[in-house]
Number of protein chains: 2
Amino acid sequence: MASLKRSKRRRSSTVQNEIRQTRPFRSTAQEATIALLRTASIVNRALARVVEPFGLSLAQYNALRIIRGAGTGGIPTLSIRERMIEEGTTITRLLDKLEEASLIRRERTVPDRRQVLCFVTDDGRKLLDTLDPLVDAADEEAVASLSQSELERFIDLLSAVRQTNAKRGAPRSAGPGRT
Amino acid sequence: MASLKRSKRRRSSTVQNEIRQTRPFRSTAQEATIALLRTASIVNRALARVVEPFGLSLAQYNALRIIRGAGTGGIPTLSIRERMIEEGTTITRLLDKLEEASLIRRERTVPDRRQVLCFVTDDGRKLLDTLDPLVDAADEEAVASLSQSELERFIDLLSAVRQTNAKRGAPRSAGPGRT
DNA sequence: TGATAATAGTTATCATAGCAAGTGTTGTCA
DNA sequence: TGACAACACTTGCTATGATAACTATTATCA
């Protein structure tokens, strides 16, 4: 995967060619947001196609991984939601499905009976063991056109964009939840 | 909006802090795809909130803009779909809504009665005239943390990612449809 | 200790996305 | 010219996401 030669790239944009808009983008900012959304949509579907044959949506797979990542102590429902890619999503039904499929198990906590802790089951762990290498490969493929340094630059730029938008609009929990 | 000082940024990742995963990302590629999806999700919702008060989803707004962009000649239904951010989406019902709201009008073409041309109405144009500056502002805000040169770099990187993924997975029409 | 607020989830509602199958129209070609 | 393929949507179905309202439990504090 040779890194792209784009050192002298003309500022006439590829998204514009792809979308074939009659008039040019009204601003570079607009071009960037559209490129971002479009790219994410494409990558999202590519990844979704990897896990769907196993009966999971991408969101379910991510939730399952988050639950496994929490270890033997389990993780409360809302903590999962905070860590999901889509932050606002309704987590309960997603977990219902995972529980129906015996991939996780849930139980109310002892001192605080409001909380529900989630644990991955052996079945869940087994499924993840199967899926992880496939998803890893898909991740690599998705960004295969970027060199390692481009990748890091890419991550930095994305972080910067998130940081501006995290303040207003997508409030995240403040305190450092334990993990 | 001064561009961020990140010249010597440590490679310990912000997404990782945000998502507070117990174990680190398994690869830079994984970190990048998650950062991409998460960032897009945040920006998507920020933009959606701008147009929703006007009764439009972001997808509807985009479709409406595409139709307007086609000019007085109109644009066939499937050409709209090709240019949408979400490529696979079912466009018919989306257009139904726009037509119900009198923002567009549709008619079968004369020689080829399979096609349905879409035109923006005066109401639609008026609504866009109201929305455009708001969306423009939201676009600028979404990427406000990036300098102009960072923006262009960002767009380049996104283009590169799309190009790898466009081949397999998200087949786009080949020929240059007229516009 | 009893009212009120804050937490942690759950449920309801509605709109949209994704996929697949169906319909009507045109093109191709024996 | 008649069958079959290709095209341009359209419709049905299921699942997911966004919001908001609701329930149960715990914390606060006069």
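## Terms and model

The model described here is predicted.

## Surface near DNA strand D

By that criterion, DNA strand D is surrounded by 23 residues. The closest of them come from both chains: A:Ser57 and A:Arg113 from chain A, and B:Pro76, B:Thr77 and B:Arg114 from chain B.

Sorted by class, the surface near DNA strand D holds nine charged, nine polar and five nonpolar residues.

## Surface near DNA strand C

Around DNA strand C there are 22 residues, of which A:Pro76, A:Thr77, A:Leu78, A:Arg114 and B:Arg113 come nearest. The elements that give two or more residues to this surface are helix H4 (77-83) and helix H5 (91-100) in chain A, along with helix H3 (58-69) and helix H5 (91-100) in chain B.

The surface near DNA strand C is made up of eight charged, nine polar and five nonpolar residues.

## Fold of chain A

Chain A contains seven helices and three strands. Their order along the sequence is α-α-α-β-α-α-β-β-α-α. Of the 179 residues in chain A, 37% are buried. When contacts in chain A between residues at least 6 apart in sequence are considered, 51% of them join residues at least 24 apart.

## Helix H2 of chain A

Helix H2 of chain A covers residues 28-51, a run of 24 residues. At 1.5 Å a residue this helix should span 34 Å, and its end C-alpha atoms are 35 Å apart, so the two values agree. H2(A) is mostly covered, with 17 of its 24 residues buried.

## Contact of H6(A) with H2(B)

Helix H6 of chain A (residues 122-142) meets H2(B) across the two chains. Their axes come within 8 Å and cross at roughly 75°. Angles of 65 to 115 degrees count as roughly perpendicular, and H6(A) and H2(B) are therefore roughly perpendicular to each other.

On the H6(A) side the contact involves A:Asp136, A:Asp139, A:Glu140 and A:Ala142. These meet B:Ala29, B:Gln30 and B:Thr33 in H2(B). By class, the residues of this contact are three charged, two polar and two nonpolar.

Conventions
Residues are numbered from 1 along each chain as its sequence is written. Chains are lettered from A and ligands numbered from 1 in the order in which they are written. This is a predicted model: local features need pLDDT of at least 70, side-chain atom pairs count only at pLDDT 80 or more; totals for chains, interfaces and linings use all residues. A residue is near a molecule or strand if its C-beta atom, placed from the backbone, lies within 6 Å of it. Helices (H or I, at least four residues) and strands (E, at least two) are DSSP runs, numbered from the N terminus. Ala, Val, Leu, Ile, Met, Phe, Trp, Tyr, Cys and Pro count as nonpolar, Asp, Glu, Lys and Arg as charged, and the others, Gly among them, as polar. A residue is buried if 20 or more other C-beta atoms lie within 10 Å of its own, exposed if 12 or fewer, and partly exposed in between; C-beta atoms are placed from the backbone. Two residues are in contact if their C-beta atoms, placed from the backbone, lie within 7 Å. The expected span of a helix is 1.5 Å times one less than its number of residues. Axes are lines fitted to C-alpha atoms, for helices over the stretch in contact, and angles run from 0 to 180 degrees between N-to-C directions. Angles under 35 degrees count as roughly parallel, over 145 as roughly antiparallel, 65 to 115 as roughly perpendicular and the rest as oblique.
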